[in-house]
Amino acid sequence: MPRYRDLTHTARPSDAPRVVDPKNPVRTSDPGALQMLKMLEGKNIETVFDRVVAQQPQCTFGYKGVCCRICIAGPCRVKKEDGPGSRGICGASAYTIVSRNLVRLIAGGAASHSEHARHVLHTAHALVEGHAPDYEIKSTAKLHKLAQRLGISTLDREDKEILKDVVELGYADFGRYQDRPLAFLDSFMTQGRRNKFQHTNVMPKAIDGTVTELIAQTAMGVDNDPVNIIFGGIKTALADLAGEYVGTTLSDVLFGIPEPIVSEANLGVIDPKMVNIAVHGHNPVLSEMVVAAARKMKAEAQKVGAEGINVVGICCTGNELLMREGVYLATSSASQEMAIMTGALDAMVVDIQCIYPSVQTAAECFHTKIITTEGIMKTPGAQHLAFKPETAMEDAQKLVTIAIEAYKQRDPNKISIPNERHKLVAGFSIEALTDIFSKVCPERPISVLTDAILSGQIKGVALMAGCNNLKRSQDESHIAILKELVKNDVFVIATGCSAGAFAKFGLMSPLAVEAYAGEGLKSFLKMLENANPQLTTGLPLVFHVGSCVDNSRASDLAVAMADELGVDIPKVPFVASAPEAMHEKAVAIGTWCVTLGLPTHVGSLPPVEGSDLVYGITTQIAHDVFGGNFIFEVDPLIGAQKLLNALEYRTWKLNIHKKTAEKNETPIAQGW
Amino acid sequence: MSMEQIYEEAIKDPNNQPKKLLRKAYDGTVIAMTYAEILLNRAIKDYGEAQTIGYPDTAYYLPVITCLSGEKVTKLGELVPILNRLRNQVRTELTFENARLWGESVLYAAEVIETIHYLRGDEPKVKPWTGFLGDPVVRKHGIKMVDWTIPGVAVVLGRAKDSKAAKKIIDNLMGKGFMIFLCDEVIEQLLEENVKIGEDYIAFPLGNFTQVIHAVNYAFRAGLAFGGIPAGERENHRDYQRRRVRAFVLHLGELDDVKVAAEMGAIFMGFPVLTDQTLGEDMQIPDWYISEPDYEKLVPLALEVRGIKLTNIELPIPVNFGPAFEGETIRKGDTYVEFGGGRTTAFELVQMVGPDNIEDGRVTVIGPDIDTVPEGSKLPLGIKVDIYGRKMQADFEGVFERRIHYFANYGEGVWHVAQRDLCWVRISKDARAKGFLMKHFGELLIAKLKEEFPAIIDRVEVTIMLDQAAVDEGIVLARERYKARDDRMRSLTDESVEDFYSCLLCQSFAPNHVCIVTPERVGLCGAVSWLDAKASHEIAPNGPNQPIPKGLAIDDLKGMWQSCNDYLYKASNNTLEEVNLYTLMDRPMTSCGCFEAIMAIVPEANGLMITTREHSGMTPCGMTFSTLAGTCGGGMQTPGFMGIGRSYILSKKFIPADGGIARIIWMPKELKEFIREDFVQRSLDEGIGADFIDKIADESIGTTAEEILPFLEENGHPCFGLDPLM
């Protein structure tokens with residue numbers, strides 16, 4: 001059954017081409033990146049866009065998920081509908097192969113987010129143990145709130161004692177063997193979700209164990225029941241969410257809860273007069289220190305003739321620093337090479353995830369130094385500086401020094417910086433949003449949002465998240481969908497490279513409200529602004545809630561709205577979209593979004609089409625069981641229509657349930 | 001024809017199966033089976049294998065399983081081997097034959113899933129959603145299912161192309177009197193359109209997804225409760241479903257794997273599936289899985305495929321009409337105009353007239369009709385129905401007069417209670433808005449009386465009086481007729497008549513059950529009195545009500561007649577030989593399943609208790625109504641237990657061989673109040689005092705023998721002085 005208000009929409013995707021214009025190497029719509037490409041014309045420098053073209057046409061077996069490479073008897077492909085050719089050598093049929101491949105992506109995603117979380121956790125642990133002198137508990141408020149959520153006593157205790165317990169519980173969540181729910185998941189959910197996860201046996205007990213188990217489950221000759229495999233995947237996706245919660249909450253404790261902050265974005269923020277250091281990847285543990293070190297080392301920079309040090313962010317490290325420190329966002333995932341090609345980037349310090357191996361190749365054409373910092377992330381030819389929390393500031397200063405040294409090697413002839421830069425307002429943690437709402441209704445802040453939805457002033461909430469995927473032009477889908485949503489009065493929050501896209505395009509600015517928001521959304525934002533005269537920044541068209549681990553903040557908002565409405569998440573007019581999903585992490589996030597009970601649009605097809613069963617579960621049956629479902633649609637405008645329709649559908653149903661409950665004088669129906 | 005034979009025609013060439021549909025069904029089966037397994041094993045982990053499980057208010061355990069394989073599941077752990085057996089039944093080859101078995105497996109899976117939902121208290125249902133329907137609901141509608149007032153059962157799931165289209169389909173089905181089960185968003189669509197759905201309207205909004213299994217749970221219990229088919233006789237139950245339960249499935253909106261798989265379960269039971277989706281040949285099975293995108297054609301095609309022929313006439317009234325609206329209540333706030341009920345003078349009268357004093361088909365409204373009065377008016381009302389028929393008898397006046405109640409209530413927005421000069425009528429604002437007038441009230445009476453009693457009624461004329469003077473005049477005449485009729489009724493006793501009547505109406509559902517209706521013993525459904533049966537015999541001389549010439553009694557006290565025994569033997573398909581009409585303890589009358597109340601002995605008190613369909617609580621015999629009903633339905637003689645019509649309690653022939661009403665030691669409060677006035681009179685007649693009813697215990701005293709015994713003793717209940725029951 002389709003879950004749209006308008007029944008002309010179905011669970012099937014449109015006929016739009018899966019790779020738009022496959023031979024065109026101009027695969028970005030980002031004005032900064034476009035300028036950069038223009039400047040590079042004739043210079044014979046290879047970029048990601050060239051490689052996309054070179055990869056076409058891509059393997060359709062892999063694309064549909066029916067290529068099995070789990071054992072080395074293969075690779076096996078599903079070639080026929082019936083007979084021996086319809087199965088792998090071991091007899092695995094399409095639904096087994098597709099589901100196994102799919103959930104292994106989730107395992108990869110969960111491993112990634114939890115790796116990020118583990119790093120933050122180790123840092124917090126080192127702090128508690130007194131081995132991380134450069135870190136502090138920046139937000140006592142967050143620590144106390146977190147501890148209370150986790151059931152850890154805060155009364156008459158030192159902050160470090162409290163943090164110690166939080167960290168211990170975090171470690172336990174990584175390695176628990178007893179059948180007890182993950183604290184960093186369970187504590188943040190609605191009662192309804194908690195029950196649902198328990199009853200359907202998808203509540204993980206440990207992050208690491210769940211990922212390992214899934215790999216074991218999907219090894220050759222183990223699970224071949226697609227439903228059981230998918231439930232294993234769902235459990236792992238929830239472990240991913242737990243990892244995100246660890247990452248977000250402890251980062252807030254160590255580096256502060258984001259608050260509204262003004263900054264700028266796109267390649268134009270790279271300043272030719274400064275030593276420019278890009279921090280790229282995902283983790284704030286190191287990059288926060290780089291920012292602090294840079295502030296301290298202005299004099300050293302001046303000694304080599306620069307005006308100072310300009311730290312800029314790329315990808316989610318950029319988002320982390322933008323949210324807390326107002327650091328400029330140079331660019332997002334697919335255009336990361338472009339930052340180097342400005343010729344004015346002196347160093348790119350990377351941590352983990354979404355870092356193209358090609359950055360080193362690109363850097364070789366310039367003076368830029370690439371420095372890897374994590375034991376699990378190295379690049380041949382790049383410098384490696386093993387970063388340790390114990391010596392964080394010292395390490396950070398070494399990194400800055402490398403940049404300053406590199407500055408001296410700059411070739412002025414190679415400098416070509418696009419003049420594209422846009423003002424923006426970011427920093428909207430859920431705490432910050434709640435604070436804004438509370439100026440309208442101090443007793444029930446979230447009711448400000450839910451009442452606006454019930455009254456029809458706004459249509460609902462959408463989380464826009466995820467990566468870049470160059471099957472279409474970079475950022476095109478992010479931008480197109482955002483514009484459709486806000487035009488139709490949807491309150492949009494954004495994370496990751498989706499947020500990056502909006503920032504780069506100037507859509508994360510109060511100025512964009514007038515140009516793009518529908519009347520309802522405009523009046524809603526105006527009302528919030530009027531109630532918050534202290535917010536001199538104004539409110540943006542779309543609210544940046546953080547990096548991709550900070551999708552946990554979106555989960556928080558959905559939970560808060562559900563609690564406010566007295567229903568479970570599947571009834572909340574809240575949708576999610578990853579218009580340009582690429583990373584395994586996106587598969588994990590999308591899966592937990594669906595499991596939380598959200599209609600979740602993905603604008604690039606994951607490899608599921610090789611099995612009708614898997615496609616049917618993800619797009620239809622998931623809704624019957626969990627209350628959320630995937631919407632696979634590559635055409636951004638159709639995708640936006642489906643998202644809007646999914647919101648209308650929810651509000652329609654919610655209103656009928658509310659009315660029916662009033663009429664019959666019963667509690668509201670719990671079904672969805 | 002065996003069950004498997006009915007599918008033979010569907011697939012002409014076994015090498016050319018509708019693979020696309022079958023693959024979808026297979027995939028859905030895989031999903032359902034594993035999902036059930038995941039939930040089950042998690043539940044076992046949380047609760048242990050010994051955990052008690054079951055649905056509320058049923059004596060049939062998990063009806064799908066009880067019915068098909070006979071396992072009376074009460075413990076969680078028992079589900080494991082059952083589910084495994086059904087998992088094993090799932091074979092991968094894509095054939096229609098295999099698909100029906102997948103369907104059966106999915107019925108089990110859904111039953112397991114729903115059972116666990118109930119165990120965990122997941123998503124408790126609020127009105128109008130029903131979830132599992134208890135036995136009392138099944139029994140309540142039994143009589144209407146057997147007399148084809150409910151001509152069929154429609155299971156509607158998914159979501160229609162729009163809410164208006166959903167309403168149109170359901171209005172159509174309700175107008176035809178269908179029992180309707182709803183699942184998924186068609187429910188919200190109907191709520192949006194203010195279509196009346198819920199238990200009161202025989203249109204059950206079950207819930208979502210696997211909750212459609214509760215339609216199956218309902219249907220299967222018909223075979224157990226009425227059909228007397230033993231648990232586990234899979235083929236007989238399927239055959240019963242196919243023959244007796246005229247059901248079909250309408251799947252609206254986009255298909256999904258699990259729904260298609262579950263629909264194979266419906267086909268396994270003999271019910272065809274129709275969908276509004278446009279499907280190719282490889283997605284259809286002729287006669288069984290059918291695509292019909294045209295909403296206008298969907299219901300007629302469903303009726304045709306299922307072989308349901310309707311005899312109902314179209315009524316010339318502006319509101320919907322059918323048994324769906326019988327349970328509709330019109331609250332004060334929804335009332336446009338009301339009549340009687342002690343607020344104004346009102347009466348209703350059916351009288352036999354000669355051929356010259358009647359103009360057939362005429363409705364006369366005396367006084368201004370309701371379109372000229374303001375909302376909230378209270379008006380006087382006289383309903384006079386004149387009937388002429390060559391076979392009409394004065395005795396039938398009361399029978400037809402009682403029909404006014406049913407016919408009126410079948411109208412949407414028309415509410416009628418009580419009778420004679422106590423009658424009370426409300427017309428809703430909604431009905432008025434649609435143009436309903438009291439003239440239509442008259443027209444519907446004429447149409448329905450002629451439709452249902454064509455053999456007796458030749459001419460009908462109705463006069464509706466809305467004018468005080470006319471009502472005042474009419475009521476005097478009416479009261480004279482009531483008195484004359486009461487005198488006649490008093491003279492109508494078991495002794496005074498020559499014939500008893502049989503009632504085999506329920507044999508369409510309970511093939512061995514035989515009711516014998518006497519002037520002093522109403523049928524156990526409460527709906528067929530001796531006069532009803534007599535009138536019915538006039539209408540259909542070969543119908544379900546046959547005269548049994550009484551002849552000489554073998555046993556006057558227990559009420560055994562040779563003629564009754566002879567009739568019983570044949571009519572029960574040679575399964576029962578003798579019956580006593582006046583005792584509970586020795587070869588008592590059988591029960592079909594749709595009884596209003598059940599009585600059962602309480603040996604500790606040397607008496608008997610009575611409980612009703614409406615009372616869901618525990619009783620002193622240690623069983624609820626549902627459990628009790630499960631022990632004595634299906635056309636079996638069960639000494640010590642018997643289903644009865646409530647008014648039989650007031651009869652002079654209430655088990656005289658066992659000591660009559662003095663035996664009654666417990667009744668629910670509600671029943672006491674329902675019969676109080678007449679029961680007090682009966683107690684006085686019996687010489688056991690006007691306060692006897694207060695010596696009878698009820699649920700406020702206790703629900704076990706131990707709890708009520710002291711009360712009975714303290715109040716000097718006569719039961720202790722009676723002969724030992726056993």
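Predicted model: local features only at pLDDT ≥ 70, side-chain atom pairs only at ≥ 80, totals over all residues.
Me: Which residues does UniProt list for "binding site" together with Cys68(A)?

Reply: The unreviewed UniProt entry lists Cys68(A), Cys71(A), Cys76(A) and Cys90(A) for this feature. They are spread over 23 residues of sequence, yet they cluster in space, with a largest C-alpha distance of 10.6 Å.

Me: Why is Cys68(A) called buried?

Reply: The relative accessible area of Cys68(A) is 10%. Buried means under 20%, and Cys68(A) is therefore called buried. This residue is placed in strand 1 (residues 67-68) of chain A.

Me: What does Cys68(A) touch, not counting residues up to four places away in sequence?

Reply: Cys68(A) touches Gly74(A), Pro75(A), Cys76(A), Ile97(A) and Arg100(A). Among them, Cys76(A) is also listed for "binding site" in the unreviewed UniProt entry. As for Cys90(A), this residue lies in the loop between strand 2 (76-77) and helix 4 of chain A.

Me: Why is Cys59(A) called partly exposed?

Reply: Cys59(A) has a relative accessible area of 47%. Partly exposed describes values between the limit for buried, under 20%, and the limit for exposed, over 50%, so Cys59(A) is partly exposed. Its place is the loop between helix 2 (48-55) and helix 3 (60-64) of chain A. The unreviewed UniProt entry places the feature "binding site" at Cys59(A) and Cys67(A).

Me: How do you know whether Cys67(A) is buried or exposed?

Reply: Its relative accessibility is 16%, and Cys67(A) therefore counts as buried, since the limit is under 20%. Cys67(A) lies in strand 1 of chain A. Leaving aside neighbours within four places in sequence, its contacts include Phe61(A), Pro75(A), Cys76(A) and Asn101(A).

Me: What describes the way helix 4 of chain A and helix 6 of chain A cross?

Reply: Two packed helices are described by the angle between their axes and the distance between the axes. The axes of helix 4 (residues 94-129) of chain A and helix 6 (residues 159-175) of chain A come within 9 Å and cross at roughly 145 degrees. Their crossing is left-handed. Residues of helix 4 including Leu121(A), Ala124(A) and Val128(A) belong to this contact, as do residues of helix 6 including Leu163(A), Val167(A) and Phe174(A). The contact residues divide into nine nonpolar, four polar and five charged.

Me: Why is helix 23 of chain A described as largely enclosed?

Reply: Eleven of its 15 residues are buried, so helix 23 of chain A is largely enclosed by the rest of the structure. The buried residues include Asn551(A), Arg553(A), Leu557(A), Met561(A) and Leu565(A). Helix 23 (residues 551-565) reaches 21 Å from its first C-alpha to its last, close to the 21 Å expected at 1.5 Å a residue. Just after this helix, Gly566(A) takes a positive phi of about 70 degrees.

Me: What makes Lys504(A) count as buried?

Reply: The relative accessibility of Lys504(A) is 0%. The limit is under 20%, and Lys504(A) therefore counts as buried. Lys504(A) is found in helix 20 (residues 496-504) of chain A. Its contacts, leaving aside neighbours within four places in sequence, include Asp30(A), Asn266(A), His422(A) and Asp475(A).

Me: Why is Glu443(B) called partly exposed?

Reply: Its relative accessible area is 24%. Buried requires under 20% and exposed over 50%, so Glu443(B) is partly exposed. Glu443(B) lies in helix 15 (residues 438-452) of chain B and touches Pro316(B) and Val363(B), not counting residues up to four places away in sequence.

Notes:
Residues numbered from 1 in each chain as written. Chains lettered and ligands numbered in written order. Heavy atoms only, no water. Axes fitted to C-alpha atoms, helices over the stretch in contact; angles between N-to-C directions. Helix = DSSP H or I, 4+ residues; strand = E, 2+ residues; numbered from the N terminus. Left-handed = near helix turned anticlockwise from the far one by under 90°. Contact = heavy atoms within 4.5 Å. Nonpolar A, V, L, I, M, F, W, Y, C, P; charged D, E, K, R; others polar. UniProt positions renumbered as here; feature names shortened; annotations may be inferred. Buried < 20%, exposed > 50% of the residue type's maximum accessible area, 1.4 Å probe, protein only. Expected span 1.5 Å × (residues − 1).
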